Amino acid sequence: MLKNHPYIPNASSAFEEMLRDVGVSDTEELFKDLPKFHFKIREMPKEPMDELSVKTEVMRVLSKNAIFRNRCFTGGGPWFHYIPSVVKHIISRGEFLTAYTPYQAEMSQGVLQSLFEFQSMICELYDMDVANASMYDLPTSIGEAALLCSRVTGRKKIIIPSSLPRERKSVIINYTQPQGLLVKEAPYSAEDGCLDQECLKGLINRDVAGAYVESPSFFGTIDDDIKGVVDLAHDSGALAVVGSDPLSLGVFKPPGEYDADIAVGDGQPLGIPPGLGGNALGIMACRDDPRIVRQMPGRIVGLTQTKDGTKRGFVLALSTREQHIRREKATSNICTNETLLALAAAVYMSLMGRDGMARAARTILGNTKYTIDKLKRAGLAAPVFRGTNFRDFAVSLKNVDGINKRLLKRGLVGGRDLSKDFPDLKGVGLFAVTEVHIREEMDVLVSALHEIAGGT
Amino acid sequence: MFRQAYFDEPLIFEMSREGKVGVLIKDDPTGAKTDVRKGGIAEVPSGVLRGKLNLPEVSQIEVVRHFTRLSQMNWGIDLGPYPLGSCTMKYNPRVNEDLAWLDEVQQIHPEQGLESIQGALELLYRLDRMLSSLTGMHKFTLQPAAGAQGELTGCLIMRRYHKNRGDRRDEIIVPDSAHGTNPASAAMAGFKVVEVRTGKDGCIDLELLKGAATDRTAGLMMTNPNTLGLFEKRACDIAEVVHDAGGLMYYDGANLQGIVGRARPGDLGFDIVHLNLHKTFSTPHGGGGPGSGPVGVKEHLKDFLPVPTVAYKGWRYQLDWGKPESIGKIRGGYGSFPILVRAYAYLLSMGAEGLRLSCDIAVLNTNYFAKKVSKIKGFSIPFGSAFRKHEVVVSAEEMTKETGVTALDVAKALLDRGLHSPTIYFPLIVKEALMFEFTETETKENIDRYVDALKEISDKAYAEPASVKSAPQNASVSRLDEVRANHPRTMCLSYRMFLKGQERDASS
């Protein structure tokens, strides 16, 4: 048996004394009730590796990854946005990093107040009254929102736009189908990539619990009539769920202004690096309607005061909705969420403020327009969908895969091949530019695409 | 004496002053005349533009001070003992943080082409192999975002498995000692939850289980060691009963710490396993996430796993988009990648022997604590004197009856001594429950200090109970008003609601 390890203080000097106090001669005696199976743990080192070797080994493996950053122009998320240095420093603080869910509120005011501020800033951004402390990611936010709509209305049908990528639809189905919900897709308009309201009218009726619509759409287009969708939903007694990119809300009208009941989003653009798509932050907010608030999934932090009334303080509110109390009757099974990333988003929004958010959004809008215009002038078929694009835009190319391979040779990452998600969009790539891209970089993309894909 | 920091810290909104900025952001570098407020882009219909955005305006130093002060009003493992039962609050090694923050981890995109993420795929592949070998499973998905999502994944796999066999099974059996997420996840996956009572010895009652396992049973969800910290010694018989009834065995890995390196769920008859990398595998809890809840299955269930999984074919790592039987996707992406990197580094730092040592010392620490705490007046350890594994549940029922001091009071009094409380009022089958888990990374000195604190609290409870009931006095704030936080008239869940409340108070 090993005699010591830096992470295990009692393996050495205290060991014998503790054994004696417990009344055993050996740790084996503590495990007598385990059935004896003979097994060998292969596939990993037998003995601990020293810290230097661990670092060297992990870095050796990871060095096979290539880093493109602002030479990556892939749309559909995650995105490379600028992250102010302060964000990483704050979320790396041990007091936040090594804490858990604030079950003991009096000792966890830091996480609680930070989450309350995250919720509050999300409410401002989305023009909502209540936000939860996070969901896993956008797909699960939509899935949970669908369940929420069903609980509130007692109905079983959900409408989503057909413009969602396949994996998002798959998650939504996994969240809703077991509850007997029926997910119907409303087609997107070939014109602007937004939900086709005429088709929606045909689908919506008194069975519908909720209708989901998003702007920008997955294709990056701004829907100029979200209100129309919301009204259609409300007219039939359904709830309206509106998805928005949080950064786009620096300039665009928020879900609340369209009378949305529930708002969702992907929080990754708020100060969180792409991390192979693994740093997700699901946003969920709603109106101050007790029917909805009481059915919300996830943790929600509330402001209160000490019992003696002398100080302000924060606690986890409405816990009776949650699994640790309600068990199978809970509004969701979610326990651990994405708190540290919600903190990152809170720090990010605090730094950006109203001015920074608007500037970043304007820059993204400008860069998007600049790149699309330039592609058009180079004779490329961009954008595929008309209207205003924010960050993401679709370009019709002949062979996305082949073109991407050739772009890669020039050190550029091209568009996401939309034919994998939408068989109709054969040869269409989804690109994105953000505020991190400078003019020269966008020019390089345009000329590379022009040379490889050619113009008409 | 312990005193937690307290700053009379305003809300970030209250610090806002017009015109301040926290970071300089370029505005429209392409010169594409996009100042939307001036109507620069003809194509943007003014109807989609927003009015005022009420985010705070604060300078950078104020943001840094604000969140640094808040951090000091927060307890973490880095500050001292944190024996929350079933949460495995172990030290989060900093070398793993350094590795997780490498550009090769954070600055890569899932769609940048498999050739340029071979390192990431290799790491995912190896992690899958390591976890499989540790648990006796065939293959893992690393996708689930947290333990509860792992449970949902597992339940969806059970659902698909039975459906595929044309077998209509709509029940999942869950012991009454289970974590709340188990019944909640089973219900989310569309199952009816059948609860089985815990026997006198603190383990599942085999006879009751036999009655519950029928041709409607899709599976049994089990935590082993269970939430009482006891190893379910009839695990193999239980598996036989469930399998004979046609059900599947699901292992909730929340408590894997109690047997890691010493027993494998696969050998104990489990078909599906979820692990909490933020527990047994040392990745930080982050104040409540991000976590990671990989799910492993035996070979007969491999086709049901979410897609994609990583495969090694033709000398390169590839994504396997699987079979039609797959349940599809449970979340976006391939999993919490930076968390997975940390877990991988941890496994290298430990090795198989180190993991076994972590198990031994975690169990030794808990039994050492249990022995001492059982001698303190007012506390007892229900369900017999058998050795616990990584956690122990203490009941303060006697103390409550004799002095009025409850488990909640004890928890708050611990905070006053610079010790995070245990998990309280769980499992539900123990009255006035205090559930302690001293992981292998805690020192003997701190466990002794913790025992002394409990002794002192007990003495106080019997001498002057009011002094315990008024705790905490040394935490950042004293006891908070939960009723006010949840009452429809005073409930305040955002700054907006706060302002509305002030208006309402002013007008009334």
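The following note reviews selected features of a predicted two-chain model, chain by chain and element by element.

1. Basis of the model. The model is predicted, so local features are given only at pLDDT of at least 70 and side-chain atom pairs only at pLDDT 80 or more, whereas totals for chains, interfaces and linings use all residues. Residues are numbered from 1 along each chain as its sequence is written, and chains are lettered from A and ligands numbered from 1 in the order in which they are written.

2. Chain A overall. Chain A contains 14 helices and 12 strands; these elements are DSSP runs numbered from the N terminus, with helices (H or I) of at least four residues and strands (E) of at least two. The C-alpha trace of chain A spans about 85 × 55 × 50 Å along its principal axes. Of the 456 residues in chain A, 64% are buried. A residue is buried if 20 or more other C-beta atoms lie within 10 Å of its own, exposed if 12 or fewer do, and partly exposed in between, with C-beta atoms placed from the backbone. Among contacts in chain A between residues at least 6 apart in sequence, 70% join residues at least 24 apart; a contact requires C-beta atoms, placed from the backbone, within 7 Å.

3. The interface. Chain A contributes 168 residues to the contact and chain B contributes 180 residues. On the side of chain A that touches chain B, helix α12 (residues 339-377) of chain A gives the most, with 24 residues. That side of chain A comprises 83 nonpolar, 46 polar and 39 charged residues. In this classification Ala, Val, Leu, Ile, Met, Phe, Trp, Tyr, Cys and Pro are nonpolar, Asp, Glu, Lys and Arg are charged, and the others, Gly among them, are polar.

4. The sheet of 3 strands in chain A. An open, antiparallel sheet in chain A has the strand order β10-β12-β11; strands pair if DSSP finds at least two bridges between them. β10 (392-396) and β11 (416-417) of chain A each have a single partner strand, so one side of each has no neighbour in the sheet. β10(A) and strand β12 (residues 428-432) of chain A run antiparallel and are joined by 5 bridges, and A:Val395 stands opposite A:Gly429 in β12(A).

5. Strand β12 of chain B. Strand β12 (residues 433-436) of chain B directs B:Ala433 and B:Met435 one way and B:Leu434 and B:Phe436 the other way, and all are buried. Strand β10 (residues 392-395) of chain B pairs with β12(B) in the antiparallel sense over 4 bridges, with B:Val393 as the bridge partner of B:Met435. Strand β11 (residues 423-424) of chain B also pairs with β12(B) in the antiparallel sense, over 2 bridges, and B:Ile424 stands opposite B:Leu434.

6. The sheet of 7 strands in chain B. This open sheet has the order β1-β7-β6-β5-β4-β2-β3 and mixed pairing. Its edge strands are β1 (139-141) and β3 (192-196) of chain B, each pairing on one side only. From one strand to the next the twist averages 25°. Strand β2 (residues 171-175) of chain B and strand β4 (residues 217-223) of chain B run parallel and are joined by 3 bridges; B:Ile173 has B:Leu220 as its bridge partner in β4(B).

7. Packing of α9 and α12 in chain B. Helix α9 (residues 337-373) of chain B packs against helix α12 (residues 444-463) of chain B at an angle of about 25°, with their axes 10 Å apart. Axes are lines fitted to C-alpha atoms, for helices over the stretch in contact, and angles run from 0 to 180 degrees between N-to-C directions. α9(B) and α12(B) are therefore roughly parallel to each other (angles under 35 degrees count as roughly parallel, over 145 as roughly antiparallel, 65 to 115 as roughly perpendicular and the rest as oblique). The contact is made by B:Asn365, B:Tyr368, B:Phe369, B:Lys372 and B:Val373 of α9(B) and by B:Ile447, B:Val451 and B:Leu454 of α12(B). These residues divide into 6 nonpolar, 1 polar and 1 charged.

8. Two buried residues of chain B. B:Ser349 is found in helix α9 of chain B and is buried, with 24 other C-beta atoms within 10 Å. Leaving aside neighbours within four places in sequence, B:Ser349 is in contact with A:Pro48, A:Met49, A:Val54 and B:Pro93. B:Pro83 lies in the loop between α1 (60-72) and α2 (94-100) of chain B and is buried, with 28 other C-beta atoms within 10 Å. With the neighbours within four places in sequence left aside, the contacts of B:Pro83 include B:Met89, B:His420 and B:Phe436.
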